[in-house]
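Here are my notes on the complex, for when you have a minute. Have the coordinates open while you read.

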Amino acid sequence: MDKTFIQIENLYKSFNHMPVLNGVNLNINKGESIVIIGQSGCGKSVLLKHLIRLMEPDDGKVFIEGMNLSLLYGEQLVATRRRFGMLFQSAALFDSLTVAENVGLGLKESRRFEQSEIERVVAEKLEMVGLSGSAEKYPAELSGGMRKRVGLARAIANNPEVLLYDEPTTGLDPITSDIINDLIVDLNTKLKVTSVAVTHDMTSAFKIANRIVMLYEGKIEIDGTPEEIKNTDNEVVRQFITGRAHGPIQVR
Amino acid sequence: MEYGVQSIGRRGVNFINRTGGLFILFGKFIVSLKDIPRSMGLIFEQFYIIGVKSLPLIIIISIFVGAVTAWQAAYQFKFIGAPLRYLGHMVGKAVIMELSPVLSALVFAGRVGAGIAAEVGTMKVTEQIDALDSMGINPIRYLVMPRVLACLFMVPILVLFSDFIAIMGGLVISVLGVDISTETFMSGFRDSFKLADFRNGLIKALVFGLIIGLVGCYEGFKTSEGAVGVGRSTTTSVVISCVLVLVFNFIFAIILFRL
């Protein structure tokens, strides 16, 4: 019934001879809200960046609706990337642009919209993330939580089919984290997008996911619903989700 | 011994990587030129930031370059007993053929090349370049092309200003400090002035601008490892730009100013 939207096949990636992804296989279905969990530095963000070819794999393939991402160039790659919206770990806002300009940049540079249309979309998206009054501010004037929300507004500006979240709650206090989690759930429901989030924040993972996978030693250790993850006997997973210092996971 | 050989080998590989990387970036820059019409706003913004804002610094260094050239020339003339009516000739030639293009380029590398490397490098480590890519915006068109074009056009324009101001600086010092008349200085300058020297100085400036812009962007794009990496890219960009400016200046001296 579910249709595979993203297919990751035997993905390998290493940095300075240190393997990070060691043969990852994963299918992501249309409409799913999948969360990839794992230790800091285990390759979650690296995996996420491969989904829109911000990184090239050493080996393996990523397919978007059957199209091999590695074989797309020029306009085809741009068109495929525009089907995605991404919230970066540090929000990655452009310092020299206002909030409104940040949110509207992708639309402006695509040259498919009139200025009035861009302004309407920017106002609509900023309202969705609760930042209507901050359109003319610069990123330096915003708090961490507000920056993430602007990043979110920018990610959804183009009405993407897939939203990628890289550590959406990292560096935020618990209340602001919960606001961001609510926003993600709300956007996923309202916009009916496929969403892929990477995080090590288990509160966030259980709140936004309808499927959780854990990345461990460069491979998928477990793949299941949040309930299955909570009740698993897998010691690696149990150590991670309960946050214990001792167990099979060795902190390097 | 083994470590020394390894170190030389690593430096050799780095040199080849960097040279190849610069050529690839130059190729991408050339391809991106087709998007000039849709990027006029970005280009003029960089013309202002890179060119207009560099003008005060170029004016200040040019005054002193002209002044010290005139003073040193007068000192040497006295030493060998050469007539001071050739002072305008000497200052004009030195400024137009060498001092303005080279010193302006070196100052430009320090001010603008470092700025580009730091800005692009910071964008790299804070994932802003990834953000551009993720939105389907080509970072070469959005970041590199406007900056390199601005350097390419602005260095020659700044050298034009520098030529004029340095000669004026030389004239003022010659009149006030060396005690020759304005007419003597200017007639020496006019008699020796060749349009080809002036043109060659501007051709050099064009190439220096291209080098500074490309190296700044390349080092910025290569940045990793946070603030330390940004600092390293900035320094490397200035060092490589300055060395390349001086190496190309020597090559131009041989090609353009035949003995």
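1. A quick word on burial: a residue is buried if 20 or more other C-beta atoms lie within 10 Å of its own, exposed if 12 or fewer, and partly exposed in between, with C-beta atoms placed from the backbone. Helices (H or I, at least four residues) and strands (E, at least two) are DSSP runs, numbered from the N terminus. This is a predicted model, where local features need pLDDT of at least 70, side-chain atom pairs count only at pLDDT 80 or more, and totals for chains, interfaces and linings use all residues. Residues are numbered from 1 along each chain as its sequence is written, while chains are lettered from A and ligands numbered from 1 in the order in which they are written.

2. Let's start with helix H9 (residues 235-242) of chain A, whose buried residues are A:Val237, A:Phe240 and A:Ile241. They sit on the same side of H9(A), because they cover an arc of only 90° around the axis (the arc is that of the directions from the helix axis to the C-beta atoms). A:Glu235 and A:Thr242, on the other side of H9(A), are exposed.

3. What lies over that buried side? The cover for the buried residues of H9(A) includes strand S3 (33-37), helix H7 (202-208), strand S9 (211-216), strand S10 (219-224) and helix H8 (226-230) of chain A. Just after H9(A), look at A:Gly243, which has a positive phi of about 70°.

4. Chain A as a whole has nine helices and ten strands. Its radius of gyration (over C-alpha atoms) is 18 Å, close to the 18 Å from the globule rule (2.2 Å times the number of residues to the power 0.38) for 252 residues, so chain A is as compact as a globular protein of that length. Of those 252 residues, 42% are buried.

5. On to the interface: 17 residues of chain A are in contact with eleven residues of chain B, contact meaning that C-beta atoms, placed from the backbone, lie within 7 Å. Helix H2 (74-81), strand S6 (84-87) and helix H3 (99-110) of chain A each supply at least two residues of the side of chain A that touches chain B. H3(A) gives the largest share, four residues.

6. Confidence, finally. pLDDT is the predictor's confidence in each residue, from 0 to 100. Its mean is 89 for chain A and 92 for chain B. Within chain A, helix H6 (residues 174-191) is lowest at a mean of 85, and strand S4 (residues 59-64) is highest at 94. For the complex, the predictor gives an ipTM of 0.88 and a pTM of 0.87.

Methods: Two residues are in contact if their C-beta atoms, placed from the backbone, lie within 7 Å.
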